[in-house]
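Reader: I've got a fold open on my screen and I'd like to learn how to read it. Could you walk me through some features, one at a time?

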Amino acid sequence: MINVNNTTRSYSGRPGCMCGCNGKYNESPRARKMAITQLTKNPEVRLLVWNNHTEGCIHVENETRSRVLYLNAYGVAEARVMGIKEEE
């Protein structure tokens with residue numbers, strides 16, 4: 001199970017640009033916990049990895065909202081154990 005210690009920050013905002021102009025990045029444990037709860041319950045959630053599989057994120061985007069949770073290497077491993085599908 002992904003826990004707050006396996007995350008670095010979360011993002012919530014309108015779809016499109018994610019520089020911060022359409023939403024907000026948050027590093028607080030509360031915001032990351034809320035993102036874990038919302039994203040892991042969503043069947044559309046996907047895993048994206050980079051940096052030689054040592055970092056990544058789980059994310060969902062719909063017509064009105066982008067929700068992203070950034071993960072460290074432990075979080076990436078936990079997402080895989082949970083069966084979250086990876087983007088290709």
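Predicted model: local features only at pLDDT ≥ 70, side-chain atom pairs only at ≥ 80, totals over all residues.

Reader: Okay, and which residues of H2 are buried?

Author: H2 spans residues 73-81, and Gly 75, Val 76 and Ala 79 are buried there. Those three cover an arc of only 105° around the axis, which puts them on the same side of H2.

Reader: What covers the buried residues of H2?

Author: The cover includes the strands S3, S4 and S5.

Reader: And what happens at the two ends of H2?

Author: At the start of H2, look for a side-chain oxygen of Asn 72, which comes to within 3.0 Å of the backbone nitrogen of Tyr 74. After H2 comes Gly 83, with a positive phi near 85°.

Reader: Let's turn to the strands. How do S3 and S4 pair?

Author: S3 (residues 46-50) pairs with S4 in the antiparallel sense, over five bridges.

Reader: Is S4 mostly buried or exposed?

Author: Buried. Five of the seven residues of S4 (residues 55-61) are buried, so this strand is largely enclosed by the rest of the structure.

Reader: Where is Thr 54, and what does Thr 54 touch?

Author: Thr 54 is in the loop between S3 and S4. Its relative accessibility is 35%, which counts as partly exposed. Leaving out neighbours within four places in sequence, Thr 54 is in contact with Asn 72 and Ala 73.

Reader: Now aromatics. How do I describe two rings together?

Author: A pair of aromatic rings is described by the distance of the centres and the angle of the planes. In this model the count comes to three aromatic pairs. Take Tyr 11 and Tyr 25: their ring centres are 4.6 Å apart and the planes lie at 45°, so the pair is tilted. This pair links distant parts of the chain, with Tyr 11 in strand S1 and Tyr 25 in strand S2 (residues 23-26), 14 residues apart.

Reader: Which other ring pairs with Tyr 25?

Author: Tyr 70. That pair is tilted too, at 6.2 Å centre to centre with 40° between the planes. Tyr 25 lies in S2 and Tyr 70 in S5, so the pair ties together parts that are 45 residues apart in sequence. Ring pairs link Tyr 11, Tyr 25, Trp 50 and Tyr 70 into a cluster.

Reader: How accessible are these tyrosines?

Author: Tyr 11 is buried at 0% relative accessibility, and Tyr 70 counts as buried at 15%. Tyr 25, at 26%, is partly exposed.

Reader: Which charged residue sits over the ring of Tyr 25?

Author: Arg 9. Its charged end is 4.3 Å from the centre of the Tyr 25 ring. Arg 9 also lies over the face of Tyr 70, at 5.1 Å from the ring centre.

Reader: One more, please: what does the side chain of Thr 7 reach?

Author: The side chain of Thr 7 reaches the backbone oxygen of Val 4 at 2.8 Å. Thr 7 belongs to S1 (residues 7-13) and is buried, with a relative accessible area of 5%. Beyond four places in sequence, the residues touched by Thr 7 include Ile 2, Arg 32, Leu 69 and Tyr 70.

Terms used. Residues numbered from 1 in each chain as written. Heavy atoms only, no water. Buried < 20%, exposed > 50% of the residue type's maximum accessible area, 1.4 Å probe, protein only. Helix = DSSP H or I, 4+ residues; strand = E, 2+ residues; numbered from the N terminus. Pairing = 2+ DSSP bridges. Polar contact = N/O pair within 3.5 Å; in protein donor to acceptor, adjacent residues only side chain to side chain. Contact = heavy atoms within 4.5 Å. Phe/Tyr/Trp six-rings, centres within 6.5 Å; stacked < 30°, edge-to-face > 60°. Lys NZ or Arg CZ within 6 Å of the ring centre and 35° of its normal. Arc of directions from axis to C-beta.
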